Amino acid sequence: MTRSRRTVLSTGAAALPLALCVALAGPAHAGEQPNNSQGSNTEQSGGGDGTGIYAAARITYSGSVAKGGGRGNVKSTDVNWTPPPCWYAPYLGAKDFKKKMSADIEGQMSAPGMGGHAGAALSELQRHYEDDYGWADTPGYKDYNVEKDGEGMFWAAVENPDEPDLLKRNSCNDLPFWVDNGDAPPPQYEEAITPEILAALAYQHMQLPDTEVSLAPEGTTKVNLPTWAWLDKAVFDEVQATAAINAPGFALQATTTAKPVSLTLEPGTKDAETHPASGQCTINADDSIGEPYAKGKAAQTPPCGITYLRSSGNGTYDLQATITWDIAWTGTGGAGGDMPDGTFGSTQAVTVQEIQSVNR
């Protein structure tokens, strides 16, 4: 049989979504469960049956990552860059897959009203895994490949739980497929997990440190008086987050590294001048940013800072300080490359007062 895989997936439109839900329900939840604590190395693995065949291969995160498995606080400077909405990853060994898939298919077939195109589609799905029924570039399997149990795993789609677009999250919609231990997935599965995908997920979960810029004067300044801003080298340093996946015969990891390169100041009012005029203070040779204020420099223009031109009255101005981070990654097999710069900012309240004069 040489029918297109996409043609088969479109047969019985009412039933195949159910079949796909059967196939994907496990990894969609079990395949991507970060269990993180910042600065730690926490691992997760799927349940096993005592033979070394895992029920699911999960991505684990370590390093500077968001607690509780949520998104980190990095914002990409490239508005077109997004983490992968879904991917394919090791799911179940042959015996475990047969047990789950056959039971789910039988359950669906016995459901009231399951007939017509829906029933025919489920029958095709069953034949695909039981009776060697395949189509173009997608071979069928005999008895769920049980005779090769321990020599590989079925791979299945995993949804990125942090992807808000449901259609994108469900776009990895191919049926589970077999991969021998040590082999790469078939090339048609472009979304199969790779070090680059892991690097993107590490980027998504990366937690950059909260950084408060040093100011002089601190908290309260005067109109037309330069306010100096700086970050010492000791205040911030490069940050790393690692994502890894391990399954029998298959292991990948990638580390995403963020290095601070500049600080951008936004005064919180149009009535202010930034130094330099762009508001962007670049990193110094010693990895610091700006210059600490010292006695006698009050009348000088700071290399990094702000001069407020109007009082904040009874309130304050919200000074936004945003650090830009250069981000790159390295992974299994020497893979690596650059990723879009990331930013993370914090807000500090600044009170600006008029300079009082005394008339005699």
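A229 sits in strand β9, which spans residues 226-231. Strands here are DSSP runs of E with at least two residues, helices are runs of H or I with at least four residues, and both are numbered from the N terminus. The model is predicted, so local features need pLDDT of at least 70 and side-chain atom pairs count only at pLDDT 80 or more, while totals for chains, interfaces and linings use all residues. Residues are numbered from 1 along each chain as its sequence is written, and side-chain values use heavy atoms, with hydrogens and water left out.

### A229 and its surroundings

A229 is buried, with a relative accessible area of 1%. Buried means under 20% relative accessible area, exposed means over 50%, and partly exposed lies in between (1.4 Å probe, protein chains only). Beyond residues up to four places away in sequence, A229 touches V213, S214, L215, L265, I289, G290, E291, C304 and G305. Contact means heavy atoms within 4.5 Å. A229 and L263 are 34 residues apart in sequence, and their C-alpha atoms are 9.7 Å apart in space.

L265 has its own set of partners. Leaving aside neighbours within four places in sequence, L265 is in contact with A229, T274, G279, C281, C304, G305, I306, L319, Q320 and A321.

### Core and chain

Which residues have the most contacts inside the largest nonpolar core? They are I59, Y129, I193, L263 and L265, in a core of 79 residues. A nonpolar core is a set of buried Ala, Val, Leu, Ile, Met, Phe, Trp, Tyr and Cys residues joined through side-chain atoms within 4.5 Å. In soluble globular proteins, nonpolar side chains tend to be buried together.

The chain has six helices and 17 strands. Of its 360 residues, 47% count as buried. Take contacts between residues at least 6 apart in sequence: 74% of them join residues at least 24 apart. The chain exposes about 17300 Å², and carbon and sulfur atoms supply 48% of that area. Accessible areas come from the Shrake-Rupley method with a 1.4 Å probe; for residues, only the protein chains shown count as cover.

Helix α6 is largely enclosed by the rest of the structure, because 10 of its 11 residues are buried. The buried residues of α6 are P195, I197, L198, A199, A200, L201, A202, Y203, Q204 and H205.

Ala, Val, Leu, Ile, Met, Phe, Trp, Tyr, Cys and Pro count as nonpolar, Asp, Glu, Lys and Arg as charged, and the others, Gly among them, as polar.

Both kinds of space are found on a 1 Å grid over the protein atoms alone: a cavity is a set of points where a 1.4 Å probe fits but cannot get out, a pocket is an open set with protein on both sides within 12 Å along at least five of seven lines, and lining residues have an atom within 4 Å of a point. Grid points are joined across faces, edges and corners, and a volume is the space filled by probe spheres set on the points.

The count comes to five cavities of 30 Å³ or more. Strand β5 (152-159) and β6 (177-180) each supply at least two lining residues. β5 gives the most, with three. The lining has six nonpolar, four polar and two charged residues.

### Backbone details

| Cis bond | Omega | Loop holding the proline |
|---|---|---|
| A216 and P217 | about -5 degrees | P217: between β7 (214-216) and β8 (220-222) |
| H275 and P276 | about 0 degrees | P276: between β12 (272-275) and β13 (280-282) |

N224 has a positive phi near 70 degrees, in a residue other than glycine. It lies in the loop between β8 and β9. N224 is exposed, with a relative accessible area of 52%. D287 also has a positive phi, near 70 degrees. D287 is found in the loop between β13 and β14 (289-290), and is partly exposed at 37% relative accessible area.
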